[in-house]
Amino acid sequence: MLLKVKYLNTKKYIRLLSGFTFLDFIAQVKYKFGLPDAAELDAFDETNTIVEEDIFSELIEARPDLCLTVRDRIPDAAQTPEQDIILEIQIDPGPSPTTQDGISEEDFSPLDHSTSTSLTDTDTSLSSDKDHSSRIEHGTPIGRCISNQVIPRPNTEVSESEAAKEMVKNALLCKPGGEDVIEEYKAEKSVTHRTRRRLVNILASHMTESHGRMPSRKHKEKYALGIITLFPSLKDPFSPKGYEHFYDAEKGTGYLAWRLKTMSRNTEKRPAKTAAVAQAQGPKRRRLAATLPEQLDGDACREAISFLIHSQDEASVFQKMKMTFQYRQDLVHDPQRTTDVFKTFPRFLDVKGLLNQDFLLLFGAETSSKMLEKWDTTFRPKVINEAKHLTQSVELCRLLKAAEKLTENDDTTWDSDMASLLLLLYLLPPTAGRKRTKISPSDAVDKMLHFHKSCCSLDEHLRGRDGRQPYILAVGRTRNRIDTFYIVVDKQLIPCQATSSLGAFDELFKSHYVFNLSYDEYLGQLFTFVQTTVWNIDVATTNESPRVRELRAKVLN
């Protein structure tokens, strides 16, 4: 049912769903005109008879063309027509040309605001809550006659974000569990994964009730904007708009989009969209080197490669590797020759630091050092804190204790640096795909890191592993006492220059870019997070999951 609402010189349409009550009616009036929740209103018919709650629905059904007047509930206060809220109740005209929400385009003109859901036929002005509170404190009612003089509501334009914020807040307050979401955020300045899911479920439900089974892109963007405005610490500082993890209009992804798709799964299927071909990003992208010395080609390059194989002078090896960098990049990006990189440049396998040098040439010194400089101070404490809000399994509890250095005498756990990195697998767990099954975070650990006792054969270990994806091989007596770290690529051992587990992870990440290797499908979210959030590589162009953006928002805010 549609109701045409007039307040002062402003007219709007509001919609009430079937089965509405008097309280729903009053709530919509407050929402559309920006009235405070505490405002008390009464409804009157054309004979100035008050319409009480118990007969409201029956009266509307019997007289659908009734024009109601809504007034502030102020005892003994004179009413004048200029201060009344006039509501003309109309029935949906049916087959006439309609807008997306089913209202005739001939009856109204929508607001110029691109994200507003109010339907108006004149300019709209709303007063701020602050102004309202100030007047109440001084005993001055809004829009009422005082000494035969009307004090109008101020023409304050409500900003797009504030309007979205109020919409989300009202949606939460009118749904079970919504107030708990707000209270948790007030107490913690953040929300848990469980509460975030409740928040999304409530708003998706409210969206479909208000705007139908298929809300428009603008509606979804407004809800997403309202979330990060009401809950600022959920805003992703690296995303263009900050709310793409809730709704990304360009890609049609995000928590709100996914929830809406789930809700409409059993309804009529929509035509399949043709997926755009994504440009390679991350480690598979061909890049121009940041700092590049003189490069050799032709016979000079071949001579340098031959020299590298036999030279015992490490300084000369590093210099010749710099001068053949471009040739090596051409090699690893050639699908027919990429597996020959260790045959052509075998010094990766016995000279420590060559991997770091190639990454440095690709990205420069500032980017190359970010992980070692920022992890302990900026990221590690917040990752540990976020992991404490997860459902606590036995393995997760062990990692948390190790990360907080509470298990230094436990030889079965990793050191604090590696434990804090492994917590990312629980915060960004492996996801299932069309061609892969879902595995647990503890199972995914083996795809990133493997402990090997120093007394056992390395060759035997390598024979039992398949695939080209790089991983860390930690060799030592116990997990928290590692003697040597290796990066294993295509069953080849690259000795790490680093002696710490954090340094080994730093080189593991860099190996993807140096050798043109994609991330392991089960570790994709973890590596994407450190790529964009720690190393700041391809931030604007990388395809990130909402989970990655959500964690970044929590860690950086």
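Which residues in helix 2 (residues 53-62) are buried? In this predicted model, where local features need pLDDT of at least 70 and side-chain atom pairs count only at pLDDT 80 or more, totals for chains, interfaces and linings use all residues. Residues are numbered from 1 along each chain as its sequence is written, and side-chain values use heavy atoms, with hydrogens and water left out.

The buried residues of helix 2 are Phe-56, Leu-59 and Ile-60, where buried denotes under 20% relative accessible area, exposed over 50%, and partly exposed the range in between (1.4 Å probe, protein chains only). Viewed down the axis of helix 2, these buried residues fall within an arc of 95°, so they line one face of the helix; the arc is that of the directions from the helix axis to the C-beta atoms. An α-helix has 3.6 residues a turn, so residues three or four places apart point the same way. The other side of helix 2 carries Asp-54, Glu-58, Glu-61 and Ala-62, which are exposed.

The protein chain as a whole contains 22 helices and 14 strands, both taken as DSSP runs numbered from the N terminus (helices H or I, at least four residues; strands E, at least two). Of the 557 residues in the protein chain, 48% are buried. Among the contacts in the chain with a separation of 6 or more, 61% join residues 24 or more positions apart, a contact being defined by heavy atoms within 4.5 Å.

A one-sided arrangement is also found in helix 18 (residues 441-448), whose buried residues are Pro-441, Ala-444, Val-445 and Met-448. These residues cover an arc of only 120° around the axis, which puts them on the same side of helix 18. The elements that cover the buried residues of helix 18 include helix 17 (416-427), strand 11 (449-453), strand 12 (471-478), helix 20 and helix 21.

Packing between helices is illustrated by helix 11 (residues 325-332) and helix 13 (residues 354-363), which pack at an angle of about 95° with their axes 11 Å apart. Helix 11 is therefore roughly perpendicular to helix 13, given that angles under 35 degrees count as roughly parallel, over 145 as roughly antiparallel, 65 to 115 as roughly perpendicular and the rest as oblique. The axes are lines fitted to C-alpha atoms, for helices over the stretch in contact, and the angles run from 0 to 180 degrees between N-to-C directions. Phe-325, Arg-328 and Gln-329 of helix 11 make the contact with Asp-358, Leu-361 and Leu-362 of helix 13.

Helix 17 includes Ala-419, which counts as buried because its relative accessibility is 0%. The C-alpha atoms of Ala-419 and Ala-403 are separated by 5.0 Å, although the two residues are 16 residues apart along the chain. When residues up to four places away in sequence are not counted, Ala-419 touches Leu-399, Ala-402, Ala-403 and Trp-414. Thr-413 is situated in the loop between helix 16 (394-403) and helix 17 and is buried, with a relative accessible area of 5%. Leaving aside neighbours within four places in sequence, Thr-413 is in contact with Arg-398, Ala-402, Thr-407, Arg-479 and Asn-480.

Around helix 7 (residues 217-230), which contains Thr-229, a polar atom of the Thr-229 side chain lies 2.7 Å from the backbone oxygen of Leu-225. Beyond four places in sequence, Thr-229 touches Ser-161, Glu-162 and Lys-165. In the loop between helix 6 (193-211) and helix 7 lies Arg-213, which is partly exposed at a relative accessible area of 38%. Arg-213 and Ser-264 are 51 residues apart in sequence, and their C-alpha atoms are 7.1 Å apart in space.

Positive phi values occur in two asparagines described here. Asn-516, in the loop between helix 20 (501-514) and helix 21 (524-534), has a phi near 55°, a positive value in a residue other than glycine, and is buried, with a relative accessible area of 9%. Asn-536, in the loop between helix 21 and helix 22 (546-556), has a positive phi of about 55° although it is not a glycine, and at 27% relative accessibility counts as partly exposed.

The structure holds zero disulfides, a disulfide being a pair of cysteine sulfur atoms within 2.5 Å. The cysteine sulfur closest to that of Cys-456 belongs to Cys-455 and is 4.0 Å away, too far for a bond. Cys-456 is partly exposed, with a relative accessible area of 41%, whereas Cys-174 is exposed at 52%.

Definitions and conventions: A polar contact is a pair of N or O atoms within 3.5 Å; within protein, one must be able to donate a hydrogen and the other to accept it, and residues adjacent in sequence count only if both atoms are side-chain atoms.
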